[in-house]
Amino acid sequence: MPYRAPVDDIRFILTHVVGFDQLSQTDRFAEATPDTTAQILTEAGKLCEEVLSPLQRSGDTHPARLENGVVRTSPGFAEGYRAIAEGGWTAISAPPDHGGMGLPQTLGMAVNEMLSGACLSLQLCPLLTFGAIEALTHHASADLQALYLPRLISGEWSGTMNLTEPQAGSDVGALRTTAQPNGDGTYAIKGQKIYISWGDGDFLDNVVHLVLARLPDAPAGTKGISLFLVPRNIPDENGAPGARNGVRVVSLEHKMGLHGSPTAVMEYDDATGWMIGAPNKGMAAMFTMMNNARLGVGIQGIGVAQAALTHALAHARDRVQGKTPVQDGSGAIIDHADVRRMLATMRAEVFAARAIALSCAVSIDMQAATGAADWAVRAAFLTPIAKAYGTDTGIEVAQTAMQVQGGMGYIEETGAAQFLRDVRVTAIYEGTNGIQAMDLAGRKLMDGGEAAWRLLAEVEQTAEQARPLLPDLAERVWDAAESLRETTEWMLTQDMTQRFAGAVPFLRGWARVLGGQAHLAAALAEGGTGPRTALARVFVDRLLPEHAAALTQARAGADALYALSDDDFAA
Ligand SMILES: Cc1cc2nc3c(=O)[nH]c(=O)nc-3n(C[C@H](O)[C@H](O)[C@H](O)COP(=O)(O)OP(=O)(O)OC[C@H]3O[C@@H](n4cnc5c(N)ncnc54)[C@H](O)[C@@H]3O)c2cc1C
């Protein structure tokens, strides 16, 4: 089943659910009109359907491999990458003074969702490049920006993100890579990084590594980390890729999925680097890239979920088994109630996750356009939810899609298994979903709940608006928001261990309530009758009630967990 880009659904959400029109009313994004938006989404959709989706199997069956120091990429990936770069799809929201289009990130995220659905392992390359563009735009010197941004934005060069080391995974502060001043403004970078996505590739003219490392005498932990730009080839006086730098790919990982994306062990052996931002402030600079990538990874999950759903739907329409209760139906399994339950659940989850992620993106853009801190706070609160719920949705939908396809889903050739294998890592990288949930229950409540109360007020406002037309749905979304308020208040009174013991279900409770709000807004926009209203009923009747169990778990505390000894877990 070829990929079908969800252009209409994205446009509907932008127009009716997440307030994208606010952006075109600002000076900065005045060009993001409905017509431009439609054109961009349609063109990107075509690229995904016609050029990138055929590469999906190639990446899986012909993994990237290391040959005499060269990373050989999967057949067709070079052409696919060129099509992405030449179409300007890496640069939709990049600054225009360096060759970008200067459009809202929301559009970039929507396009990224489609790229992910078409071919996740290739999409990871421009996603990381975009993160590097963001970090350099906000933190690099004017000279470095002038040299690197145009080439990254055009897609000639790609970007990577180097945090992880063998002893420093979630605990980035444990990293040991060093940066020794060379005395000429550059630094000698030494150390090993692991799991570096798109660490190199045979079609990339140059690779710009953003590397976290420690200066001599730097304080311990995250307070002593600085960020460095380390090009694979040092640009010559004309800005062309010049002499080879002291960085190389040592090996590539053999992974469960995402085979087309080279995941590299990188060796930095006195490689020349340039500092980005201030000494020991590397985490702040890297956070620009990481926040962007967190939302981008949530979007990856949604993209794969959409693709897996489309695949499962095609099978369900075709496969005939048993007698169905639908008179004059096709007789295919889509007419069985349990199969409809699976399809409707998948569709309702994808819609909710997409709406939450795009709402987060709109807040990022509104902050950039207006400078108002409230938007930044809203985006910061939504980011861990968008990342964890988007990727959980990717995994759950991919596995339900396999169930819909029965035995055929388990057979590799059909491609259903690949979605599940590829998307599984999205809950692990860019900060595991556990770390995202702890961020929500910890750091994001440091304001005493201000950001949370504001979002809950938005949910209750939507419920109020829906009450005359859809009283039963509105009431249940309102009640769920009130339960979430009580649990958030409870969280605020607890120490971090108690909060963290319930952080994952707490985040899930938020996703359920915000998902309910998004579906309610969609049903309202439709006038309270039609397929979007039916889908809202599916979400509110079947998925929203899970918030109650999630919030009960969120308040369960840590005591019972620590009452078990380490040995008790085994027997
Ligand atoms: C395919 C792939 C691509 C990747 N790409 C990149 C890349 O491009 N650049 C890069 O720098 N890294 C990359 N990574 C690394 C990735 O970001 C890490 O794997 C991830 O951050 C988790 O670190 P870890 O594997 O060391 O797991 P660990 O940190 O050991 O975590 C193991 C488990 O313990 C939990 N845990 C850890 N610390 C805590 C805590 N304080 N409180 C509660 N629970 C905790 C985690 O949630 C997790 O469930 C990639 C990884 C993979 C698999």
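**Aromatic pairs, cores and ligand surroundings in a predicted model**

Trainee: How many aromatic pairs does a search of the whole structure find?

Mentor: The structure is a predicted model. Across the whole of this structure, the search for aromatic pairs finds 6.

Trainee: Are the rings of phenylalanine 77 and tryptophan 198 stacked or edge-to-face?

Mentor: The two ring centres are 6.5 Å apart, and the angle between the planes is 25°. Planes under 30 degrees apart count as stacked, and those over 60 as edge-to-face. The pair of phenylalanine 77 and tryptophan 198 is therefore stacked.

Trainee: How many residues apart in sequence are the parts that this pair ties together?

Mentor: Phenylalanine 77 belongs to helix α5 (residues 77-86), whereas tryptophan 198 is in the loop between β5 (187-197) and β6 (206-213). Both residues are buried. Given these places in the chain, the pair ties together parts whose separation in sequence is 121 residues.

Trainee: Are the rings of phenylalanine 381 and tryptophan 510 stacked or edge-to-face?

Mentor: Their centres lie 4.9 Å apart. The planes meet at 70°, so the pair is edge-to-face.

Trainee: Which residues do ring pairs link into a cluster?

Mentor: The stacked pair of phenylalanine 77 and tryptophan 198 has its two members in this cluster. Linked through ring pairs, the residues are Phe77, Tyr81, Trp198 and Phe203.

Trainee: Over the ring of which residue does the charged end of arginine 532 sit?

Mentor: Two arginines are placed over rings. Arginine 467 lies over the face of tryptophan 478, at 5.4 Å from the ring centre. For arginine 532, the charged end is 3.7 Å from the centre of the ring of phenylalanine 12.

Trainee: Which residues in the largest nonpolar core touch the most other members?

Mentor: In soluble globular proteins, nonpolar side chains tend to be buried together. The largest nonpolar core here has 164 residues, and its members touching the most others are Leu122, Ile385 and Trp510.

Trainee: Is serine 363 buried or exposed?

Mentor: Serine 363 lies in helix α10 (residues 337-370). Beyond four places away in sequence, serine 363 touches Trp375, Arg378 and Ala379. Its relative accessible area is 0%, so serine 363 is buried.

Trainee: By how many Å are the C-alpha atoms of valine 249 and glutamine 498 separated?

Mentor: Valine 249 is placed in strand β10 (residues 247-252) and is buried, with a relative accessible area of 7%. Its contacts beyond four places away in sequence include Leu66, Val71, Ala264 and Met266. Glutamine 498 is 249 residues away along the chain, and the two C-alpha atoms are separated by 42 Å.

Trainee: Which atom of the ligand lies 2.7 Å from a backbone N or O atom of methionine 161?

Mentor: Among the 18 residues around the ligand, those that come nearest are Met161, Thr164, Ser170, Tyr195 and Thr432. A side-chain N or O atom of serine 170 is 2.6 Å from a ligand oxygen atom, while a polar backbone atom of tyrosine 195 is 2.8 Å from a ligand nitrogen atom. For the backbone atom of methionine 161, the ligand atom at 2.7 Å is a nitrogen.

How values were computed:
Residues numbered from 1 in each chain as written. Predicted model: local features only at pLDDT ≥ 70, side-chain atom pairs only at ≥ 80, totals over all residues. Heavy atoms only, no water. Helix = DSSP H or I, 4+ residues; strand = E, 2+ residues; numbered from the N terminus. Buried < 20%, exposed > 50% of the residue type's maximum accessible area, 1.4 Å probe, protein only. Lys NZ or Arg CZ within 6 Å of the ring centre and 35° of its normal. Contact = heavy atoms within 4.5 Å. Core = buried A, V, L, I, M, F, W, Y, C linked by side-chain atoms within 4.5 Å. Near = heavy atom within 4 Å. Polar contact = N/O pair within 3.5 Å; in protein donor to acceptor, adjacent residues only side chain to side chain.
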